[in-house]
Amino acid sequence: MNSHALIDELKTLLEPGKVLTDAASLDTYGKDWTKQYAPAPSAIAFPKTTEQVQAIVRWANQRQVALVPSGGRTGLSAAAVAANGEVVVSFDYMNKVLDFNATDRTVVCQPGVITKQLQNLAEENGLYYPVDFASSGSSQIGGNIGTNAGGIKVIRYGMTRNWVAGLKVVTGQGDLLELNKDLVKNATGYDLRQLFIGAEGTLGFIVEATMRLDRAPKNLTAMVLGTADFDAIMPVLHAFQGKLDLTAFEFFSDKALAKVLGRGDVPAPFETACPFYALLEFEATTDDIADTALATFEHCVEQGWVLDGVMSQSEQQLRNLWKLREYISETISHWVPYKNDISVTISKVPAFLREIDAIVSERYPAFDVLWYGHIGDGNLHLNILKPEHMDKDAFFAECALVNTEVFETVRKYNGSISAEHGVGMVKRDYLQYSRSPVEIQYMKAMKAVFDPNGVMNPGKIFSI
Ligand code: 2HG
Ligand code: ZN
């Protein structure tokens with residue numbers, strides 16, 4: 001069957017107008033926020049129901065057509081990139097909130113619900129959806145679950161996995177599975193729900209998710225502290241963790257801060273220039289808590305760890321301090337950064353970061369190297385910026401050479417080559433630095449069970 005006939009057949013499975021093949025749609029829906037791969041899908045399908053998703057998957061099996069799931073396309077690992085003539089399955093029209101249960105504190109979402117929509121719904125009901133990141137205004141719940149998204153509140157609330165009460169998925173065989181039925185307690189054997197979280201659509205597609213909500217935090221207050229050097233950041237974390245329940249502990253380097261301040265729309269936190277900054281957040285529910293935070297700050301100054309600091313006094317100041325951290329990724333995207341999203345256990349962070357920093361400063365003396373990330377949970381974002389006049393391919397090729405050394409160090413520290421962005425295509429060829437050969441064999445065997453014909457997002461996580 002030729003490709004035109006295949007697309008005509010696909011059109012019969014969906015409502016009229018819900019398969020697009022025009023150049024602009026192929027370009028838009030064929031890519032995510034990564035810039036390494038040219039989008040080249042053959043069509044974009046927009047199912048509106050679970051039955052239509054099942055029909056697409058069964059047709060793909062019958063016709064040996066590769067499918068790529070597509071949410072808000074904000075991913076950073078090319079897990080939702082269609083670069084090889086695949087059919088993209090977009091969940092843009094499966095974007096309804098189906099139910100809210102105040103007693104269970106759960107929301108039933110279709111996969112195309114935007115993260116911010118869920119956060120707003122929670123807030124309107126006096127509750128809180130705590131998984132948060134800069135792309136929450138466009139990322140979709142299905143994509144968050146597919147990559148087990150993390151973000152800025154993991155230190156307190158954990159990753160997306162912690163908030164998934166139940167899932168409905170269409171497997172690679174076209175079967176509909178209802179997983180965990182939103183139960184809090186369920187000891188009936190394998191929890192297949194967990195397998196689909198972080199599977200990047202390689203086992204099946206999520207068609208419904210029940211998300212848990214938490215109580216709303218009270219009087220969130222942020223501090224930005226300038227530290228004397230990198231080594232001071234972890235003692236500062238320990239000092240504050242010993243005294244307060246932190247909802248966030250982030251860090252960024254002076255170079256990362258300079259890029260954000262260069263935009264001209266975010267005020268500097270204070271005048272003292274420092275090599276590194278920590279941003280921490282807590283619920284200042286009583287004056288005592290605010291006093292404890294200030295006393296801990298003074299202790300850190302006395303120890304010589306902290307050079308200057310500021311504490312938010314209003315919602316507006318809280319938002320402005322967060323912008324210093326949250327705007328980094330978007331701001332530096334103009335420099336075509338080479339990204340790393342690595343993690344180790346918290347106790348290993350200082351030694352690990354020193355070792356990685358030594359590698360990159362020796363190997364990239366001419367490049368701008370930016371550090372930032374969720375250091376309170378051991379997740380570091382290492383971004384290397386492309387010099388303005390350097391060719392993009394040459395730049396990425398040079399960065400790839402050093403990757404092996406960086407990932408060897410990740411392996412040495414028992415860390416992860418992807419803390420929260422996923423493997424996708426970007427890190428596919430490095431999976432063995434985080435997972436043993438035997439483990440990868442088991443993972444592939446599971447893929448074969450759920451997706452025997454290899455039609456579900458092939459080439460992501462591993463090259464099958
Ligand atoms: C963040 O923490 C995001 O800002 C993006 O995970 C990280 O730009 C990056 O590398
Ligand atoms: Zn991050």
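Reader: Which strands each supply at least two residues of the shell around ligand 1?
Author: This is a predicted model, in which local features need pLDDT of at least 70 and side-chain atom pairs count only at pLDDT 80 or more, while totals for chains, interfaces and linings use all residues. Residues are numbered from 1 along each chain as its sequence is written, chains are lettered from A and ligands numbered from 1 in the order in which they are written, and side-chain values use heavy atoms, with hydrogens and water left out. A strand here is a DSSP run of E with at least two residues, a helix one of H or I with at least four, each numbered from the N terminus. Those that each supply at least two shell residues are strand 17 and strand 18 (379–385).

Reader: How many residues of the shell around ligand 1 are nonpolar, polar and charged?
Author: A residue is near a molecule if one of its heavy atoms lies within 4 Å of it. The residues around ligand 1 include L76, R325, K339 and E420. Ala, Val, Leu, Ile, Met, Phe, Trp, Tyr, Cys and Pro count as nonpolar, Asp, Glu, Lys and Arg as charged, and the others, Gly among them, as polar. The shell divides into two nonpolar, five polar and three charged.

Reader: How much of ligand 1 does the protein bury?
Author: Oxygen atoms of ligand 1 lie 2.6 Å from a side-chain N or O atom of Y372, 3.1 Å from one of H381 and 3.2 Å from one of N383. Taken alone, ligand 1 exposes 290 Å² (Shrake-Rupley method, 1.4 Å probe). Of that area, the protein buries 89%.

Reader: Which residues coordinate the zinc ion (ligand 2)?
Author: Donors are N, O and S atoms within 2.8 Å of the metal (3.2 Å for Na, K and Ca); water is not among the atoms, so sites may look incomplete. Along the chain the donors follow the spacing H-x6-H-x38-E. H374 in strand 17 (residues 368–374) and E420, in the loop between helix 14 (392–412) and helix 15 (437–450), are 46 residues apart. At 1.9 to 2.1 Å, the coordinating residues are H374 (NE2), H381 (NE2) and E420 (OE).

Reader: Is T247 buried or exposed?
Author: T247 lies in strand 13 (residues 246–253). Its side chain is joined to that of E281 by a polar contact of 2.5 Å, where such a contact within protein is a pair of N or O atoms within 3.5 Å, one able to donate a hydrogen and the other to accept it, and residues adjacent in sequence count only if both atoms are side-chain atoms. Buried means under 20% relative accessible area, exposed over 50% and partly exposed in between (1.4 Å probe, protein chains only). Because its relative accessible area is 1%, T247 is buried.
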